[in-house]
Amino acid sequence: MARKGGLTRRHYLAVTSAGALAAGLGVRPAAALETVRQGYQTNMWGMPTYYLLRSGLLEKHGIKFEEFAVPSGNLTMQQMVARQVDMGTYAGPSFAIGHDKGGLLAIAMIEYVGKTARVMARKDLNITKVEQLKGLKVANQTGSSTGNIFVDQIAPKAGLKKGDYQEIRMNVDDMVAALAAKTVDAMANVEPYNAIAEADGLAVTISEYSQFDKLPVFMAATPEFVDKNPDTVVAYLKAWIDVAKDFKSNPGKVSDTIYSFYTSKGYKMSKETFANALSRVEVNPGWPADLEPYMTHHAEVLMAAHKLKAVPDWSKAFRKDFLKKAMA
């Protein structure tokens with residue numbers, strides 16, 4: 001009996017017929033990877049993800065993607081709860097809420113961004129402390145992780161409760177213009193907007209978030225995507241491991257790629273100002289040992305603020321197995 005590549009003719013026909021049948025029914029081969037609908041925020045917390053999308057590293061690992069950009073991670077979380085995107089980055093408080101509302105799962109801790117967030121006040125007001133914000137207008141992206149940490153931790157530690165200051169709800173990318181127009185007195189914001197406000201002489205730092213929180217940022221996924229596409233999740237995390245290598249070994253390439261995003265949006269800042277802002281992001285995919293106690297603390301803060309029903313079961317919310325396979 002004739003053989004093709006070691007197969008008998010009967011086996012060859014059976015295999016090719018099954019393949020044709022699968023194609024006719026729209027069933028993909030087992031090795032095919034799913035297209036990822038990637039959400040990310042356009043502040044500095046989302047820029048490692050932006051670099052991932054522009055670096056060619058996803059394509060290197062066989063992954064196609066669609067991108068969905070929003071001003072802050074809590075909006076990506078809401079899109080995921082609504083099942084409009086599959087993957088997205090945001091800090092611990094937003095992840096806890098997303099897991100509570102939509103069963104979202106963390107597939108890795110991607111980065112630390114505590115050094116990128118600051119409370120800044122208008123320079124002309126000569127404010128040096130958070131407690132001096134009493135009675136003033138503070139721009140805050142309500143519902144975001146930076147917003148929650150300012151309201152629930154930073155302001156109370158300075159003796160300020162809700163109502164002691166006027167919270168002006170605003171997207172982070174609109175805050176520098178509001179400072180310049182003097183429609184707000186201070187802002188709880190992230191890079192690169194802090195660096196821009198500082199370089200332009202508009203604002204000074206009165207509190208660093210890193211003193212309160214290292215702010216780990218998670219890459220989260222919808223449970224349906226994880227269940228149906230485990231091979232895609234592993235390949236996707238392999239691309240993230242390569243991103244981390246670029247941040248460490250080729251920071252100039254990373255900075256140039258991300259800098260072009262902001263200049264294309266009309267932001268004016270020097271490459272030096274931008275590189276300084278980007279250096280505050282620490283990209284290192286992993287599962288740090290102190291993550292669960294950290295997240296339990298944040299969940300309890302959210303519960304006290306009536307934003308969360310219960311502390312999540314981290315053994316279910318954190319899917320550590322995928323990164324382990326990606327690193328193998």
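The model is predicted: local features need pLDDT of at least 70, side-chain atom pairs count only at pLDDT 80 or more, and totals for chains, interfaces and linings use all residues. Residues are numbered from 1 along each chain as its sequence is written, and side-chain values use heavy atoms, without hydrogens and water.

Start with the sheet. It is open, with five strands in the order E9-E8-E10-E7-E11, and its pairing is mixed. Strands here are DSSP E runs of at least two residues, and helices are H or I runs of at least four, both numbered from the N terminus. Two strands pair if DSSP finds at least two bridges between them. The edges are E9 (166-169) and E11 (203-208). E7 (117-122) and E10 (186-190) run antiparallel, joined by five bridges. One of the bridge pairs is Met120 with Met187.

Next, helix H5, residues 92-102. Nine of its eleven residues are buried, meaning under 20% relative accessible area with a 1.4 Å probe, protein chains only. Among them are Phe95, Ile97 and His99. Gly103 follows H5, with a positive phi near 65 degrees.

Now the second largest cavity. What lines it? Pro93, Asn148, Ile149, Asp152, Gln153, His298, Val301 and Leu302. A cavity is a set of points on a 1 Å grid over the protein atoms alone where a 1.4 Å probe fits but cannot get out; lining residues have an atom within 4 Å of a point. H6 gives the largest share of this lining, four residues. H6 (145-157) also supplies at least two residues to the lining of the largest cavity.

Methods
Buried means under 20% relative accessible area, exposed over 50%, partly exposed in between (1.4 Å probe, protein chains only). Contact means heavy atoms within 4.5 Å. Axes are lines fitted to C-alpha atoms, for helices over the stretch in contact, and angles run from 0 to 180 degrees between N-to-C directions. On a 1 Å grid over the protein atoms alone, a cavity is a set of points where a 1.4 Å probe fits but cannot get out, and a pocket is an open set with protein on both sides within 12 Å along at least five of seven lines; lining residues have an atom within 4 Å of a point.
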